[in-house]
Amino acid sequence: MSWLHTMIVIPFIFALFVPFLYKFFTPRIHTGWFVFIVPLLLFLSLLKYIPTIAEGKTVYHSVPWMPSLGINYTTYMDGLGLIFGLLITGIGTLVVLYSIYYMSKHRESLHNFYVYLLLFMGAMLGVVFTDNVLVLYVFWEMTSISSFLLIAYWYQRKKSRYGAQKSMLITIFGGLAMLAGFIMLSMITETYNLREMFNQVDVITAHSLFLPAMLLILLGAFTKSAQFPFSIWLPDAMEAPTPISAYLHSATMVKAGIYLVARFTPIFGGNAEWFWVISSIGLITLLYGSINAVKQTDLKALLAYSTISQLGLIMCLLGLGSAALYFGYGDEATVYAAAILAAIFHLINHSTFKGSLFMVVGIIDHETGTRDIRKLGGLMGLMPISFTLTIIGSFAMAGLPPFNGFLSKEMFFTGVLNASQMNIFSMDTFGLLFPTIAWISSVFTFIYCMILLFKTFAGRYQPSKLEKAAHEAPLGMLISPILLASLVILIFFFPNVLSHYLLQPALIAILPIFAESGGIDVKISAWHGWNTELFMTLGIVGLGTFMYIYLKKWSGVYGLFSQRWTLNAGYDFAIERMERFSEGFTNQYMTGFIRDYVVYIFAVLIVMLGGSLWLFDGIAMDVSNDAPISLYEGGVVVGMIIAAITVPLAKSRLTAIIAVGVLGYLVSMLFVIFRAPDLALTQLVVETVTVALFLLCFYHLPEFRKATVPMRFKLTNLIISIGVGVIVTIIALSANSTRLFEPISSYFENSYDLAGAKNIVNAILVDFRGIDTMLEIFVLTIASLGVYTLIKLRLAGRD
Amino acid sequence: MKKPNDIILHAVTKVAVPIILAFSFHLFFSGHHNPGGGFIGGLAIASALTLLFLAFDIETVRANIGVDFKVVAAIGVLLAVLTGVGSFFFDASFLSHTFDYFNLPIFGKTELATAVLFDVGVALAVIGTSVTTILSISEDR
């Protein structure tokens with residue numbers, strides 16, 4: 001275990017202790033203070049990696065996990081992973097600090113909150129630092145699950161549950177598709193390790209599964225990163241507590257899809273499909289998100305749509321930049337690589353300004369009791385610090401100087417302008433669409449930024465509509481957004497420091513061709529003359545201001561679209577239909593009669609065992625080598641047959657139970673005769689406990705009636721029971737004569753040497769086949785819990 | 001309800017249960033080399049408990065043995081898993097066992113095996129499972 005492994009595991013381990021910390025220290029100390037240490041420690045230790053990574057080195061460790069399946073727990077850190085790691089732990093630290101003041105230690109169940117949060121943190125670190133695709137998938141789904149739990153944190157609310165279910169269904173669906181893509185990739189390359197896949201790009205590109213694998217993996221990325229049309233889950237995810245929205249649903253988790261696309265660019269990049277799918281979906285999402293954000297009245301919903309749109313922007317840039325791989329190393333590649341650089345740059349910027357905006361919205365919600373812009377207004381004088389923070393955040397988002405959003409927005413325009421002059425992938429036909437749509441979306445972005453700022457802080461203060469008298473938040477709550485907002489400004493003035501230490505290593509990780517040829521040096525500067533990009537920005541400010549002022553005049557346009565045909569309505573319709581269908585389908589076979597279920601079980605048994613006996617040609621009966629049957633054995637068997645025949649013919653239930661008992665004890669007698677004391681003992685004790693159980697159940701069973709069973713049931717039962725009997729007999733007889741599998745006699749020979757045990761049966765149980773036994777006791781325990789809950793729940797329901 | 005006259009059952013149970021328990025422990029520990037083991041040992045203990053429950057009523061037994069058998073089952077499963085995980089610390093794969101011979105004060109040369117820890121887990125899970133099942137069904141009136 002390396003330190004990198006340990007870093008991923010720490011949040012999980014710490015999560016184990018959170019409930020105890022909560023129990024012992026609440027309400028004296030807010031649980032968040034303990035949790036705060038974890039991301040802080042991880043962040044500081046990740047900082048130490050920056051010089052190493054900036055020199056172009058990478059960190060790689062591998063620990064065998066399931067070596068027989070080729071699954072190793074391999075961690076890998078390059079520039080891309082490091083940026084994400086820093087975001088996860090850095091924003092995580094700030095969010096935990098913020099949540100200490102946001103989440104009341106008296107009213108909220110903080111232990112749940114922080115356990116889920118730590119689970120998410122660990123899983124997300126796992127996603128970005130893992131090199132094995134299957135391990136990556138496991139961590140990926142864990143982020144979905146922890147997000148589900150966090151959205152449903154206030155599970156008493158119907159909307160929370162709805163939002164949680166929606167996000168879960170959509171992201172897990174994408175995750176499963178991604179898994180299928182991963183499996184295809186590993187079928188092509190015969191490895192689960194990303195590093196090794198990167199060495200076989202030629203093989204992958206030539207393979208027929210290339211396109212399916214690519215599309216499936218993209219499905220995972222798009223669902224996670226809320227790309228159109230999967231974006232519908234993100235606005236509903238805003239039911240989560242605001243620290244969570246700031247952390248998962250704007251800064252980190254929704255960027256996992258971006259990470260995935262960036263991570264797989266070395267494999268898929270440079271292909272027309274990859275280029276087109278990502279850049280066009282990204283562009284559509286950008287437009288869709290920004291247009292929808294303008295009509296929102298809830299501040300968090302507005303931010304949610306703006307997140308969707310910004311994610312689309314980053315996605316689009318990654319798509320455009322992938323063209324660099326088409327050209328190979330050269331001047332043209334450098335031009336498109338700048339788009340990738342802009343993507344990573346904007347990713348960081350977005351996390352800073354959106355994180356601070358979410359936190360400020362949380363403050364507004366916390367201090368006024370509402371997030372509805374129709375009720376808010378005039379908070380400028382009452383909450384001056386929050387106002388300043390919002391100016392910084394929203395101007396950065398709108399792409400104005402002197403904030404970091406301006407730099408990355410300009411770089412985005414450079415990217416789309418370059419793309420419009422591209423002469424590959426039939427871009428010469430559609431090229432002009434890119435700058436046009438980008439520009440229109442940016443106008444809308446500008447408008448919603450102004451809405452966010454002015455509708456909240458300017459205008460008239462309406463205390464009658466607010467639940468609480470508005471006032472500035474406590475200092476502790478303000479620290480995190482202040483830190484983020486100062487980053488927003490710092491990055492504007494010193495972008496090249498960031499670029500040198502973080503962006504360029506990440507760029508090399510995404511476009512490895514630059515690593516071989518001496519790296520790339522991109523200078524980010526705030527001023528680059530009176531060029532097209534600057535004029536585009538000026539146009540946005542002009543038109544945006546104009547449209548914001550006359551917002552009331554044209555916002556009626558939104559009402560023209562019918563609510564019946566939205567994506568959400570489609571989702572709800574599909575869910576409802578699916579529920580009804582599966583309910584109907586389930587009712588078909590879940591009759592509630594144990595009789596039927598037993599029939600299913602035994603029918604499957606007959607088909608599976610009989611079928612495989614047939615297929616593998618396992619039926620063989622050879623009695624020539626058998627020992628002669630002794631008198632005792634014959635006697636016991638005759639007794640067993642009599643007992644067995646008694647069961648179906650018995651007049652009373654008690655007789656039947658006793659007959660079954662006799663059968664069981666006779667079997668153990670047979671074991672004694674064959675000198676299998678272990679089996680005999682087990683059989684005896686099992687029989688004893690079973691009879692006790694039977695007697696208990698006996699009390700509850702209804703009167704024993706015979707004649708009421710219709711003929712059809714009798715016939716089915718007859719067929720099934722004869723079938724099972726025949727199959728089991730054939731297997732028992734054939735077992736001696738066929739050798740379908742390796743004989744287990746090696747256990748007999750080695751048990752004393754390998755396990756130090758003279759009792760082979762036990763050595764097999766606990767050592768050689770230990771996992772089987774472990775799973776068996778799992779099943780046993782789950783079954784007993786099932787019995788317990790079924791009975792207790794029924795009692796509770798009846799009272 | 002008339003209280004049944006079960007004085008013989010009570011008297012026998014009081015003598016029999018310690019014997020059954022002692023025998024079950026023997027079964028459990030001898031499992032490494034002789035017939036027995038976690039599963040049978042656990043079941044035998046469960047049957048001793050069942051006898052107690054049958055002879056005396058559930059409430060009386062529960063007042064004297066204040067154990068939640070659901071928890072026992074959970075502890076058993078956890079123990080079994082943890083023994084498996086434990087092998088990670090010695091750089092071995094999941095559920096690897098080892099054994100060695102030690103000279104203990106009273107027992108003399110004794111073999112100690114990590115498999116026994118796993119077996120304890122199995123036994124606890126079996127006890128917890130069977131007693132939970134029997135109790136929940138019998139309490140269902």
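I looked up how helix α1 (residues 7–30) of chain B packs on α2(B), and I found an angle of about 170° with the axes 8 Å apart. Angles over 145 degrees count as roughly antiparallel, so I wrote down α1(B) as roughly antiparallel to α2(B). I noted that this is a predicted model.

Next I listed the residues that make this contact. From α1(B) they include B:L9, B:H10, B:T13 and B:F28. From α2(B) I picked out B:G38, B:I40, B:S47 and B:A55, among others.

I then checked the UniProt record. The unreviewed entry lists residues 7–29, 35–56, 68–92 and 112–137 of chain B as "transmembrane region". I looked at two of these spans in the model. Residues 35–56 of chain B are 82% helix and 0% strand, and the end C-alpha atoms lie 31 Å apart. Residues 112–137 of chain B are 88% helix and 8% strand, with end C-alpha atoms 39 Å apart.

Last, I turned to the contact between the chains. Chain B gives 43 residues and chain A gives 37 residues. Which elements of chain B each supply at least two residues of the side that touches chain A? I found α2 (38–55), α4 (69–86), β2 (108–113) and α5 (115–139). The most comes from α5(B), with 15 residues. I sorted the side of chain B that touches chain A by class and got 21 nonpolar, 18 polar and four charged residues.

Conventions: Residues numbered from 1 in each chain as written. Chains lettered and ligands numbered in written order. Predicted model: local features only at pLDDT ≥ 70, side-chain atom pairs only at ≥ 80, totals over all residues. Contact = placed C-beta atoms within 7 Å. Helix = DSSP H or I, 4+ residues; strand = E, 2+ residues; numbered from the N terminus. Nonpolar A, V, L, I, M, F, W, Y, C, P; charged D, E, K, R; others polar. UniProt positions renumbered as here; feature names shortened; annotations may be inferred. Axes fitted to C-alpha atoms, helices over the stretch in contact; angles between N-to-C directions. Parallel < 35°, antiparallel > 145°, perpendicular 65-115°, else oblique.
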